[in-house]
Amino acid sequence: MKIFFQHKYLWLIAGWMVATSVLGGLATKLGPWYFSLIQPPWKPPDWSFGVIWTIIFILSALAWMVAFNSRPTQSQKNTINILFFLNGFLNVLWSVFYFRMQHPDWSFVEAFFLWGSVLAIILVMWPIRRVAAYLMVPYLIWVTIAMRLNWETLVLNPGAY
């Protein structure tokens, strides 16, 4: 366990987690436009999104650490780093499209790329350490749910964007 917290990539991973969380949070503007949208009846309460994302980011950081502590090749490390930074960018971009630009149509299309980035991370981690890949599955499930929510919001609010 000691080596886990002394890992040389700990600051990189923590930085990704904090930057993605903070930038995504800053891009999320719950204003009059958002509150005027008709939401599906099954939509989770707004307060739960922060809790869910916190859990997902912690699991993602743990997955990254587990994979890196499993002695991947340098090529695998580079791929994981690139995929996580691409994922962070796509995560924030979704919030910019949806909340700041008020374009749930754009965010819906973009969500397919976000979903693909999570799947790519899982597939790269699978041969390195399966537990790392499994730690990413809640993220994939949540993005799938968010895509469905995004789609239903589009259907319920034609012309609101």
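These entries record what I looked up on the nonpolar core, the aromatic pairs and one serine.

**Basis.** I worked on a predicted model, in which local features need pLDDT of at least 70, side-chain atom pairs count only at pLDDT 80 or more, and totals for chains, interfaces and linings use all residues. Residues are numbered from 1 along each chain as its sequence is written, and side-chain values use heavy atoms, with hydrogens and water left out.

Buried stands for under 20% relative accessible area, exposed for over 50%, and partly exposed for values in between (1.4 Å probe, protein chains only). This core has 37 residues, and I80, F84, M125, M136 and Y139 touch the most other members. At least two residues each come from α2 (10-27), α3 (32-36), α4 (46-68), α5 (74-100), α6 (104-125) and α7 (130-156). The largest share, nine residues, is supplied by α4. Helices here are DSSP runs (H or I, at least four residues), as strands are (E, at least two), numbered from the N terminus.

**Aromatic pairs.** I counted rings of Phe, Tyr and Trp (its six-membered ring) as paired if their centres lie within 6.5 Å; planes under 30 degrees apart are stacked, over 60 edge-to-face, and the rest tilted. The count comes to 19 aromatic pairs. One of them, Y34 with F99, is tilted, at 5.7 Å centre to centre and 50 degrees between the planes. Y34 belongs to helix α3 and F99 to helix α5, so this pair ties together parts 65 residues apart in sequence. Y34 counts as buried at 7% relative accessibility, and F99 counts as buried at 9%.

I then took W53 and Y139, whose ring centres are 5.6 Å apart with planes at 90 degrees, so the pair is edge-to-face. W53 lies in helix α4 and Y139 in helix α7, so the pair joins parts that are 86 residues apart in sequence.

Y139 counts as buried at 1% relative accessibility. Not counting residues up to four places away in sequence, Y139 touches W53, I56, F57, S60, N87, N91, L114 and V118; contact means heavy atoms within 4.5 Å. Ring pairs link Y139 into a cluster with W16, W53, F57, W64, F68, F84 and F85.

**S95.** I found S95 in helix α5, buried with a relative accessible area of 8%. Leaving aside neighbours within four places in sequence, S95 is in contact with G24, A27, T28 and R100.

Methods. A nonpolar core is a set of buried Ala, Val, Leu, Ile, Met, Phe, Trp, Tyr and Cys residues joined through side-chain atoms within 4.5 Å.
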